Amino acid sequence: MLDQVSPSGGEVAEFIEWQSEIAVFAAIDRLAPPPVDAVLFVGSSSIRLWHTLAADFPDVPTINRGFGGSEIADSVYFAEQLVAPYRPRAIVMYAGGNDLADGKSPEQVRDAFRAFVAQARRWAGEVPFAYLSIKPNLSRRRQLPLIRRANALIRACADERGVDFLDIHAPMLGADGEADPRWFDDDGLHLNAEGYALWTGVVRDWMAKRRLV
C-alpha cells in the first residue's frame, strides 16, 4: 500500500516516481550484464550525467547508477536494487544537494546519509566507500551556509562510519568564496567537462590510496 512506511523513514508514496528508473537499471542488467568487481557510482544527477565515467577511469570497471533529481532517502529506499546486484569492490556516492533544495535540514541530510551507509554495508559489506561532498552551485547561492553545515555534519558521520569524505566543495569555490563558474554547465547546477575533470582527479587519487587501481 502507498501509505506504508519505508525503511528510510518516509512513506512509500514518496518513492513511486523513481520506480521506472530503477526498473530500467534492472532491464539494462538483463541485456548487458554489468562488470564484476566494479566501482559503483550512486546518487543524483551529477552522477547520472557523468557520461565519461568509463573513459575517466579506464583502469577499473565502473557502474553508473545515478538517477537525476533524487535525494539520499531515495537511494536508501532502493538500496537493495542499487547495490546488491553488483557486489561492488567499492562505492562512490554524490547526493544531498537536492535534499537541501527540497527543504531538508542539514541534520536530516546527515541522517539520510547515515541510513544509506547502513544499507550499503548490508548489501556490499565493508568495501571502500567514498562520499563526494555537496558542491556549491551557481544556481543555489543562498543555500551555501546550509551546504557548508551539511558537509560538516556528513564529514563527522563519515569518519564515524568508516567512509572517506572527499571534499570537492572547496576546490569548486572562486576567490570570492562563491561557486566558480568555470566548473558549471549553463544551468549553473550541473557540471561541465572541466567540472568532471576536477572530480575525476579527486576520485582517482582516492582510488589510488585505496589500491583500487
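**Figure 1. Lining of the largest cavity in the predicted model.** S44, S45, S46, Y94, G97, N98, I134, K135, N137, R140, L189 and H190 line the largest cavity of this predicted model. Two elements give two or more residues to this lining: α2 (45-48) and α6 (97-101). The volume of the largest cavity is about 90 Å³. By class, its lining residues are 7 polar, 3 nonpolar and 2 charged. Rolling a probe the size of a water molecule over the atoms is what shows where such empty space is left.

**Figure 2. Lining of the second largest cavity.** The residues around the second largest cavity are P136, N137, R140, R141, L144, I147, E178 and A179. Its volume is about 30 Å³. Here the lining divides into 4 nonpolar, 3 charged and 1 polar residues. In total, the model has 2 cavities of 30 Å³ or more.

**Figure 3. V203 in the largest nonpolar core.** The largest nonpolar core has 66 residues, and the members that touch the most others are F41, F116 and V203. V203 is in contact with F41, W50, F57, V92, L132 and L166, with neighbours within four places in sequence left aside.

**Figure 4. Q119 in helix α7.** Q119 lies in helix α7, which covers residues 106-124. Is Q119 buried or exposed? Its relative accessibility is 18%, and because the cut-off for buried is under 20%, Q119 counts as buried. When residues up to four places away in sequence are not counted, Q119 touches V76 and A79.

**Figure 5. The protein chain as a whole, for orientation.** The protein chain holds 9 helices and 5 strands. Along the sequence, these elements follow the pattern α-β-α-α-β-α-α-β-α-α-β-α-β-α. The C-alpha atoms fill a box of roughly 45 × 45 × 35 Å along the principal axes. A compact globule of 213 residues would have a radius of gyration near 17 Å, and the chain agrees with this, at 16 Å. Of the 213 residues, 52% count as buried. Among contacts with a separation of 6 or more, 71% join residues 24 or more positions apart.

Conventions. Residues are numbered from 1 along each chain as its sequence is written. This is a predicted model: local features need pLDDT of at least 70, side-chain atom pairs count only at pLDDT 80 or more; totals for chains, interfaces and linings use all residues. Side-chain values use heavy atoms; hydrogens and water are left out. A nonpolar core is a set of buried Ala, Val, Leu, Ile, Met, Phe, Trp, Tyr and Cys residues joined through side-chain atoms within 4.5 Å. Buried means under 20% relative accessible area, exposed over 50%, partly exposed in between (1.4 Å probe, protein chains only). Contact means heavy atoms within 4.5 Å. Helices (H or I, at least four residues) and strands (E, at least two) are DSSP runs, numbered from the N terminus. On a 1 Å grid over the protein atoms alone, a cavity is a set of points where a 1.4 Å probe fits but cannot get out, and a pocket is an open set with protein on both sides within 12 Å along at least five of seven lines; lining residues have an atom within 4 Å of a point. Grid points are joined across faces, edges and corners, and a volume is the space filled by probe spheres set on the points. Ala, Val, Leu, Ile, Met, Phe, Trp, Tyr, Cys and Pro count as nonpolar, Asp, Glu, Lys and Arg as charged, and the others, Gly among them, as polar. The radius of gyration is taken over C-alpha atoms; the globule rule is 2.2 Å times the number of residues to the power 0.38.
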